[in-house]
Amino acid sequence: HRLTPGDAERGFALSTEIGWNQTVADWRYMLGQGGGFGRTDADGKLVASAMALGYGRFAWVCMVLVSPDHRRRGIATDLMSRVTDRVRESGAVPGLDATPAGREVYRRIGYKDVYGLLRMEIDAVPACPDQAERTPVRIEPLTTDQIAEVADYDRARFGGDRGALLGHLLQRQPGRAFAAWAGQWIAGYVLARDGRQASQIGPVVAEDDDIAIALLERALRGVDGSVFIDAMARNAGVVAWLQGLGFRVQRPYTRMLFGRNEPFDDVERIFTAAGPELG
């Protein structure tokens, strides 16, 4: 059946059963902005899902989940194929961030590797020296009246329009939203959201490593509890800085596109993802 915003609570129960970090707010946003398919058992429990969020030239396939009791029946492949076909019929290119196990499934149906990511995690963030001196830009809190400018900046670097997502994330954790300014021009930003298990910091988009690190440091100040950051593996400077703080690699992801191995985004300026479910 088609998934609707009314499935948010059931979706949250499914992702919680599997141990993922999403909240009900995440499911409501994704189901409100995107579309997908689910399977429900005789008791009304949502036992599988797959959906996609549209970003213009491409769409992000996400939340490909199957309850443990219903695996190895071809359900994930079926739902994944339905979503992929729907995206392609719309004229967009399907993309996703795959776990190592999922990558093998997706390669068989036409997805190609683009680049790697690393899910970095820490149980408690230590105090860190102010990183603003690394760069001449100003790091200031991001406000709602600036989100349209940030969305324009992001569009040219992400390769798609995720203005709705950026506005949503600003509402989720406004105290961890910052922009970098070089004079009157934006030079980067960071956003964050609360999660069921950990705070998720990202996306981080910036003109260079030093600005990205300065933004991350501001967003991480005073975080209570665990933190996840999905860093682009190729940006070794940011990965090394996170490891120096005590972050460890939880798992790798592979960014994949259907029938395409060239990224839509500017790989030199995208430092962390919003999360594997959001791109």
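**Salt bridges and burial**

Modeller: In this predicted model, Arg248 has a relative accessibility of 36% and therefore counts as partly exposed. Its salt-bridge partner is Glu121, with the closest N and O atoms 3.7 Å apart. This pair connects distant parts of the chain, since Glu121 belongs to strand E5 (residues 111-122) and Arg248 to strand E11, 127 residues apart. Glu121, at 16% relative accessibility, is buried, because the cut-off for that class is under 20% relative accessible area.

Strand E11 also holds Arg255, which pairs with Asp265 in the loop between E11 and strand E12 (270-272), ten residues apart. The closest N and O atoms of Arg255 and Asp265 lie 3.7 Å from each other. Arg255 is buried, at 4% relative accessible area, and Asp265 is buried as well, at 11%. Elsewhere, salt bridges with shared partners join Asp26, Arg172, Arg193, Asp194 and Glu277 into one network.

A further salt bridge brings together the side chains of Asp154 and Arg162, at 2.8 Å from N to O. Asp154 has a relative accessible area of 1% and is buried; Arg162, at 2%, is buried too. In general, side chains of opposite charge can pair when their charged atoms come close. Over the whole structure, the search finds 28 salt bridges.

Key. Residues numbered from 1 in each chain as written. Predicted model: local features only at pLDDT ≥ 70, side-chain atom pairs only at ≥ 80, totals over all residues. Heavy atoms only, no water. Salt bridge = Lys/Arg side-chain N within 4 Å of Asp/Glu carboxyl O. Helix = DSSP H or I, 4+ residues; strand = E, 2+ residues; numbered from the N terminus. Buried < 20%, exposed > 50% of the residue type's maximum accessible area, 1.4 Å probe, protein only.
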